[in-house]
Amino acid sequence: MTGGAIVPEDSARPAGRAGIDTGTAHAARIYDYILGGTDHYPADREAGDAMCREWPALPVHMRANRDWLNRAVRRLAEEAGMRQFLDIGTGIPTSPNIHEIAQSVAPESRVVYVDNDPLVLTLSQSLLNSTPEGRTSYVEADMRDPRTILDSPAFRDTLDLAEPVALTVVAIVHFMLDEDDAVGIVRRLLEPLAPGSHLAMSIGTAEFAPQEVGRVAVEYAARGMPMRLRTFAEAGEFVEGLELVEPGLVQVHKWRPDGADPGPIRDEDIAMYGVVARKP
């Protein structure tokens, strides 16, 4: 589940960004609000507050997901030697972004960010501040159409498909219903990537706090964002045929914690599985 500091006035951002519906809550802006960002509007704050009333652990859950992403990217760069990243469903930029982590390990790292939110596009300049040795680019596309991503000039000009790529799909597939075929989409994104590429995913679940997370899902659905939360077995379908990186498919706070968490995290406060797997 994507999505705090309260911003009392919307003067903190341009009010009329083209293509942005500021009167309707948006998952990425809810996430930004709950994580303490500034790129959100009253509808997003109302939604975030309503969701936190239903499940007070929601901010803990969202921070844990973000922390997992940071750890996974660093491990991919340091241990797996990944120098190319394809990030699907980037969301509103939150430092450190993937390129900042990867390029702190290897300045030559290259990153392609993909999102279909016009607000992310307007804020994408912070995603393009690459090191001189590396490169970043942004593709405006919907992951439901992998061909649009894979055929885009920015993708082809930034990443070398003869070399491994780390594909990150973080906190997004729970917004894809069965008819969207999320597993098939991820496989189509992986298909052209070279052997040795990796997949890093976080996948929403209601297995650890079914009532509370169920109520949050109702709040999302009421705002036009129905959710498909997955069991452990269903989450495992995304990585079938791949080689799991230890510790495998676990709740995000249990995936190679680095001791940076502010305190103990209860399993029932986390509704996201995390996994990193290698393409043989």
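Mentor: Let's settle one term first: buried means under 20% relative accessible area, exposed means over 50%, and partly exposed lies in between, using a 1.4 Å probe and protein chains only. Keep in mind that this is a predicted model, where local features need pLDDT of at least 70, side-chain atom pairs count only at pLDDT 80 or more, and totals for chains, interfaces and linings use all residues. Residues are numbered from 1 along each chain as its sequence is written, and side-chain values use heavy atoms, with hydrogens and water left out.

Trainee: Thanks! Is tyrosine 273 buried or exposed?

Mentor: Its relative accessible area is 4%. The limit is under 20%, so tyrosine 273 is buried.

Trainee: How many aromatic pairs are there?

Mentor: Rings of Phe, Tyr and Trp (its six-membered ring) pair if their centres lie within 6.5 Å; planes under 30 degrees apart count as stacked, over 60 as edge-to-face and the rest as tilted. By this rule the count is three.

Trainee: What is the geometry of the pair phenylalanine 175 and tyrosine 220?

Mentor: The ring centres are 5.4 Å apart and the planes meet at 65°. That angle is why the pair is edge-to-face.

Trainee: How many residues apart are phenylalanine 175 and tyrosine 220?

Mentor: Helices (H or I, at least four residues) and strands (E, at least two) are DSSP runs, numbered from the N terminus. Phenylalanine 175 is in the loop between strand S4 (166-170) and helix H8 (182-190), and tyrosine 220 is in helix H9 (residues 210-222). Both residues are buried.

Trainee: Which residues is asparagine 70 in contact with, leaving aside its neighbours within four places in sequence?

Mentor: Asparagine 70 sits in helix H3 (residues 58-78) and is buried, at 18% relative accessibility. Its C-alpha atom is 7.7 Å from that of proline 96, 26 residues apart along the chain. With contact taken as heavy atoms within 4.5 Å, the partners are Pro96 and Ile101.

Trainee: Which elements do the buried residues of H1 pack against?

Mentor: Eight of the eight residues of H1 are buried, among them Arg29 and Asp32. Their packing partners are helix H2 (42-54), H3, helix H5 (118-122) and H9.

Trainee: Which residues lie nearest the centre of the largest pocket?

Mentor: On a 1 Å grid over the protein atoms alone, a pocket is an open set of points where a 1.4 Å probe fits, with protein on both sides within 12 Å along at least five of seven lines; lining residues have an atom within 4 Å of a point. The largest pocket is lined by 37 residues, and nearest its centre are Gly89, Asp115, Ala171, Ile172 and Phe175.
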